[in-house]
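Have it open while you read.

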There are 2 protein chains.
Amino acid sequence: MEALKKKIVEEGSVIGTEIVKVDTFLNHQIDAEFLDKIGEEFRNRFAGVEVDKILTVEASGIAIACAAAKYFDYPPVVFAKKAAPSTMNEGFYEAEARSFTKGTVSKLKVDSKFICPGEKILILDDFLASGEASVALAQIVEMGGAEVAGIGAVIEKGYQGGSDRLREKGYRVESLAVVRKIEDGKVTFD
Amino acid sequence: MEALKKKIVEEGSVIGTEIVKVDTFLNHQIDAEFLDKIGEEFRNRFAGVEVDKILTVEASGIAIACAAAKYFDYPPVVFAKKAAPSTMNEGFYEAEARSFTKGTVSKLKVDSKFICPGEKILILDDFLASGEASVALAQIVEMGGAEVAGIGAVIEKGYQGGSDRLREKGYRVESLAVVRKIEDGKVTFD
């Protein structure tokens with residue numbers, strides 16, 4: 001998605017050789033108008049794919065999943081939680097994911113009533129790095145007897161191998177911008 | 001907002017006499033189509049109010065703030081974080097807020113570059129209970145020399161006094177549904 005690559009170059013910044021910081025429009029400050037275009041692009045990428053539900057993970061994935069929902073005729077959006085609130089008092093599915101930028105391990109949780117057998121669930125997130133979060137979400141989908149319709153990321157860190165790992169597991173992966181290399185403060189895309 | 005009250009009654013559930021659970025459409029599973037209507041209603045409530053930015057708090061506030069952004073001509077949406085990622089490496093404003101449902105104290109953080117002097121900032125969130133989160137967000141706005149344009153909540157727990165507290169401080173508060181009482185598993189609205 002050319003408009004996204006342009007936005008990453010113009011508004012993003014890099015830290016070292018591994019981190020792309022897009023807090024001006026994606027994961028701290030959000031450009032909701034631009035996210036609408038991102039949502040539409042996900043529909044284009046997954047054209048013809050049946051989607052009963054969109055699953056993401058708090059926090060940055062939420063805006064993306066909701067923006068995409070509009071273009072998939074508003075299926076329910078579910079976001080996995082990193083901590084269970086006291087009101088999450090029934091059964092839930094849980095899977096572990098490491099966060100690259102936070103250096104922590106999260107146990108992603110989804111109330112079991114929101115994953116139904118046979119549903120086709122599209123997984124969307126802001127970043128795809130090593131693929132840990134996507135694998136955890138896919139595990140949750142499968143624990144509930146549902147099916148992964150596809151995995152979409154706004155920005156893929158191509159050098160971390162996540163999409164290869166997910167494709168090897170048989171998932172369809174679509175990343176709207178694939179960063180191949182960060183060198184001397186500059187980002188190179190595929 | 002009648003459609004919201006109806007949805008709370010039909011799809012929500014209550015726990016004891018203090019908790020309204022709306023995880024089927026607002027804060028775990030999200031009905032993005034309905035949130036669009038909520039966003040429009042916030043514009044109606046704050047008609048004529050100048051809004052340069054919308055501030056909310058992760059996670060459940062994000063979808064609401066983004067839905068509202070559309071009806072305010074897409075100002076930037078900023079969400080306060082409860083934990084600072086390793087990429088948040090510059091100055092940030094911080095204020096404490098207790099979470100009623102989680103029983104925890106969060107230190108809400110916003111990168112200082114996202115609050116600019118003179119900006120008129122609308123604060124939106126899913127719940128207004130004791131008002132702790134809104135007060136914390138208002139403090140952050142004011143730390144940055146910006147101004148609170150108003151405070152909006154989707155659901156107010158009227159019995160917890162938060163809106164009175166906020167109005168005493170001089171803020172304009174708009175809640176789309178005010179729960180007055182929960183008794184015998186039933187919700188009564190103002």
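1. Interface first: chain B and chain A bury about 3300 Å² between them, with carbon and sulfur atoms giving 62% of that. Buried area here is the accessible area (1.4 Å probe) that two parts lose on being put together, summed over both. The contact (heavy atoms within 4.5 Å) takes 39 residues from chain B and 39 residues from chain A.

2. Ground rules: this is a predicted model, where local features need pLDDT of at least 70 and side-chain atom pairs count only at pLDDT 80 or more, while totals for chains, interfaces and linings use all residues. Residues are numbered from 1 along each chain as its sequence is written, chains are lettered from A and ligands numbered from 1 in the order in which they are written, and side-chain values use heavy atoms, leaving out hydrogens and water.

3. Across the interface of chain B and chain A there are 2 salt bridges, taking a side-chain nitrogen of Lys or Arg within 4 Å of a carboxyl oxygen of Asp or Glu. One of them joins B:Asp23 and A:Lys113 at 3.1 Å, N to O.

4. Now the rings. Pairing needs centres of Phe, Tyr or Trp rings (six-membered ring for Trp) within 6.5 Å; planes under 30 degrees apart are stacked, over 60 edge-to-face, the rest tilted. That gives 2 aromatic pairs over all chains. A:Phe25 and A:Phe34 are edge-to-face because their centres are 6.0 Å apart and their planes at 90°. B:Phe25 and B:Phe34 are also edge-to-face, at 6.0 Å and 90°.
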